[in-house]
Structures are given as C-alpha cells and as structure tokens.
Amino acid sequence: MPAQTAPAKTQPPVAVLSRQDPKGQAARLLEHGSVLLLPDLDFDIAGFEDALYAQVSNEGVKNISYNPATGELKGAAAEGFAREQLVEIVARYSRWAEDLVRELMPAYGAKLQVGRTSWRPRSADHNLSKRKDDRRLHVDAFPSTPLQGRRILRVFRNVNPAGESRYWRVGEPFADYAGRFLRNARPMAPGAGALLQALGVTKGRRTAYDQLMLQLHDQAKDDDGYQAAAPHWDVSFPPGATWMVFTDAVVHAALGGRYAFEQTFYLPVAAMEDEAASPLRTLERLTGKALV
Ligand code: SIN
Ligand code: FE
C-alpha cells in the first residue's frame with residue numbers, strides 16, 4: 001500500500017447491542033474502539049419534562065453538571081422546585097447508567113469509578129474557542145483532572161422531545177490519530193506536574209500521560225486542515241437511543257443536537273479485558289517511554 005493512502009477502516013465505528021446479547025461482548029467492542037449503540041432501552045422521564053426542557057443552562061456554560069457523590073448541581077439557572085426536579089432526574093439517570101454499565105461489563109466490577117453526570121440542553125455553541133469546540137474532532141482529556149492512565153467511559157442518552165437526533169462524527173483509530181500528532185506534542189516541563197498540583201490547577205498530579213493526551217486533544221482541535229480532511233464517519237443518534245464509548249480513545253465530535261444525558265465513568269487500565277488497547281499502553285508503545 002502506498003504510504004500516502006489513508007488507513008483502511010477495519011471495523012465500523014458503531015456496534016448495535018441489545019440487552020439480550022451475550023454478556024462479555026460489550027467490553028471487547030468498547031475497548032477496541034466501537035461506539036456501542038443500545039437502541040431499545042427505556043429511561044422514564046415522565047413528570048420531569050418541564051424541569052428538563054424549560055431549563056436553559058447559565059450563560060457561557062456548555063453543560064449542567066451533577067456530582068453523584070455530593071449531590072451538587074452546577075451550571076443550572078433553575079431555582080426552587082424546578083431545580084429539585086432537575087437534580088432528581090439527573091441523579092436517576094446517573095444510577096440508571098451505572099446499572100447499565102455494570103450489567104453489560106460485569107468484569108469491571110469494583111474497579112469502575114463513577115464520575116460526573118451531565119445534562120446537555122444546548123446544541124453546539126458558535127462562540128466557543130477552537131479548544132472548547134466539541135464540534136471539532138478530538139479525544140477527551142481533562143486539564144484539571146489528571147487521569148494518570150485511567151480510561152474515560154461515557155454513557156449518553158438522547159431525550160430530545162422534538163424528534164431531533166444528536167449528530168456525531170467518529171474519526172480514525174486512536175493509534176493513527178496519536179501517530180499524527182505525537183511528533184509535535186510538547187512534553188511537560190520538569191517539575192510542572194508538582195507545581196500545577198500545588199497551585200490547585202489540577203486535582204492530583206498531571207503525569208506525562210495526561211500531558212500527551214491534552215496535547216493530542218488541543219493539536220487536533222487547533223488543526224483546520226485535519227478537521228477538514230480527517231477520515232471520519234457521520235453517525236446520528238435518534239431520541240430514545242443510548243450509546244456508550246471510551247471517549248479518551250475514540251476520536252469524536254458532536255456536530256449538533258440538544259437534550260442529552262451523559263454519565264462519565266473512570267476505569268484503571270488494569271481492569272480492562274485488554275489493557276494493550278488503552279491509550280496509555282498505545283502511547284507507551286509509540287513513544288517507547290513509561291508515561292505514568
Ligand atoms: C464530546 O464529548 O465531545 C461531546 C459529546 C456530546 O455532547 O454529544
Ligand atoms: Fe469529547
């Protein structure tokens with residue numbers, strides 16, 4: 001094959017699964033870069049429509065975020081009863097998503113950590129900077145939350161009341177994406193991890209792995225040429241669809257659509273069925289260095 005040829009896609013980016021399918025498939029598919037689509041699940045929001053759809057997030061806030069560990073809700077303009085209702089339904093989604101993940105990937109067990117929940121009432125905002133613009137292809141990496149190699153697994157559900165889909169673009173395999181941007185990735189300055197932590201910029205120590213992941217995120221979003229020409233599939237998720245994906249490895253962009261729930265989970269690489277498929281081990285292979 002000539003060197004210039006775009007890498008061949010060996011598998012479709014979306015795998016459709018139902019609750020009846022044998023357990024154990026889900027982890028393998030997810031860990032190897034599929035978006036897992038569950039078209040036929042129920043999540044009842046009856047009685048909560050007003051709180052969800054009348055709700056507009058605070059100016060400048062992309063998503064409303066909920067912390068299941070503390071019950072704290074951030075970014076919501078609602079007050080009083082509407083706010084209580086919003087907390088209740090988002091908390092209910094969080095438990096629902098956790099039950100689903102534990103059912104589909106029982107082997108992750110106690111190693112699976114529950115992160116934030118979000119309610120996404122808005123469509124892509126045109127006033128965001130490139131780096132914050134999730135309509136541009138990227139892998140997820142969090143500037144203030146170093147993951148030190150842990151995976152980011154997210155469960156989304158579209159509950160748009162007007163029949164509108166949520167539109168995603170899914171990009172090339174992680175190793176290809178990383179291979180493109182690694183050579184220009186800036187390494188962390190010596191001592192920067194400890195300094196950022198001491199200053200309270202990061203919750204925990206930013207590792208060489210976190211630095212590389214942030215660079216992969218930023219460089220892809222900054223690169224207009226890549227955004228215009230990158231290999232991709234466009235995927236739409238209709239109302240009622242649930243989908244889950246390791247967003248630290250699956251190159252993705254959210255092009256449009258409003259009113260979705262999302263629950264984030266973290267998973268140590270040692271809990272994976274195939275640790276070699278993680279971004280951590282992939283980047284260690286590509287750089288020849290230990291990164292955490
Ligand atoms: C993202 O993670 O880039 C956004 C996904 C979404 O809100 O659909
Ligand atoms: Fe993202």
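This section describes the overall fold of a predicted model and the surroundings of its ligand.

The protein has eight helices and 11 strands. Its radius of gyration is 19 Å, close to the 19 Å that the globule rule gives for 292 residues, so the protein is as compact as a globular protein of that length. Along the principal axes, the C-alpha atoms fill a box of roughly 55 × 45 × 40 Å.

Side chains from the shell approach oxygen atoms of the ligand. For R166, a polar side-chain atom lies 2.7 Å from an oxygen atom of ligand 1. For W168, an N or O atom of the side chain is 2.9 Å from a ligand oxygen. For H252, the distance from a polar side-chain atom to an oxygen atom of ligand 1 is 3.2 Å. On its own, ligand 1 has 260 Å² of accessible area, and the protein covers 96% of it.

How values were computed:
Residues numbered from 1 in each chain as written. Chains lettered and ligands numbered in written order. Predicted model: local features only at pLDDT ≥ 70, side-chain atom pairs only at ≥ 80, totals over all residues. Heavy atoms only, no water. Polar contact = N/O pair within 3.5 Å; in protein donor to acceptor, adjacent residues only side chain to side chain. Areas by Shrake-Rupley, 256 points an atom, 1.4 Å probe, with all protein chains shown as cover. Helix = DSSP H or I, 4+ residues; strand = E, 2+ residues; numbered from the N terminus. Rg over C-alpha atoms; globule rule 2.2 N^0.38 Å.
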